[in-house]
Amino acid sequence: MLKRTCELLGKKILNGCAATGRITLLTGETLRRLGTADGKEVLRQMALLGADSLPIVMMTILCTGMVFSVQTAKEFVRFGAASSVGGIVAIAMARELVPVLTGVVVAGRIGAAIAAELGTMKVTEQIDALRVMAANPVSYLVVPRFIAIVLMMPVLVVFANLVGNIGGWVVAHYYAGISTFAYENSIKVLAETYDIIGGMIKSSVFGGIIAIVGCYKGIHAGHGAEGVGLATTASVVMSIILIFITNYFLSILLFV
């Protein structure tokens, strides 16, 4: 029994190391081939992967901003710090909540779509057909999606920050009785432009993670519909885990 357990554990460790190596190689090849991307395909992917994600991202962040304001406004008013609510909400949203939640939403929507699309192409041997026609699958499939998500994530974050702070203001004003001037002035006093820039940098990194993981899982999907389904699920789970891990190190690097 112990021997069997050790064998399974060793196999999982080896498979994890092999997967890490393949993802690293895919990332390196993608970065080397950024100049080979087709502009029209990049724009098409930006519309599909970025613009179409805007409604669900804005809805998610709007509700998050309102909930965060509910949890903080009353307590700040009770301790006589009502003038700080807007700034606290804006900083928390810009630095952490907006980029992380946007990454999670995009990973669930776009990461899964990328893995499913490329997984279907793998199962139907379309990727092999590209190789036969001397077309590099990384340049044709991975690079446009990578560029599109990396460029669109900061745009989503900008809109999400705006909507999230509006939601926070609505709750702070109508629920906690904080004036509009006090809310806006606290944002001007406490929040800085770099808070938003740092969040945008985070979101670009998260976008790269989502694109690479989704493409990797799709290209290496197993056979049949089951393989595509497993690849899609694994893409979302791995992307979200990597987003949370990466967020910790980026927070230390950018804001500490």
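Predicted model: local features only at pLDDT ≥ 70, side-chain atom pairs only at ≥ 80, totals over all residues.
**View B. Ser-53 in the loop between H2 and H3.** Helix H2 spans 39-49 and helix H3 spans 54-78; Ser-53 lies in the loop between them. Is Ser-53 buried or exposed? Ser-53 counts as buried because its relative accessibility is 1%, and the cut-off for buried is under 20%. Which residues does Ser-53 contact, leaving aside neighbours within four places in sequence? They are Arg-109, Ile-110 and Leu-156.

**View C. Ala-73 in helix H3.** The relative accessibility of Ala-73 is 0%, so Ala-73 counts as buried. Cys-6 is 67 residues from Ala-73 along the chain. The C-alpha atoms of Ala-73 and Cys-6 are separated by 53 Å.

**View D. The aromatic pair of Trp-169 and Tyr-174.** A search of the whole structure finds 3 aromatic pairs. Trp-169 and Tyr-174 form an edge-to-face pair. The distance is 6.0 Å centre to centre, with 75 degrees between the planes. That angle counts as edge-to-face because the cut-off is over 60 degrees. How exposed is each partner? Trp-169 has 24% relative accessibility, so Trp-169 counts as partly exposed. Tyr-174 has a relative accessible area of 63% and is exposed.

**View E. The aromatic pair of Tyr-248 and Phe-249.** Tyr-248 and Phe-249 also form an aromatic pair, and this one is edge-to-face. The ring centres are 5.2 Å apart, and the angle between the planes is 80 degrees. Phe-249 is exposed: its relative accessible area is 53%, against a cut-off for exposed of over 50%.

How values were computed: Residues numbered from 1 in each chain as written. Heavy atoms only, no water. Helix = DSSP H or I, 4+ residues; strand = E, 2+ residues; numbered from the N terminus. Buried < 20%, exposed > 50% of the residue type's maximum accessible area, 1.4 Å probe, protein only. Contact = heavy atoms within 4.5 Å. Phe/Tyr/Trp six-rings, centres within 6.5 Å; stacked < 30°, edge-to-face > 60°.
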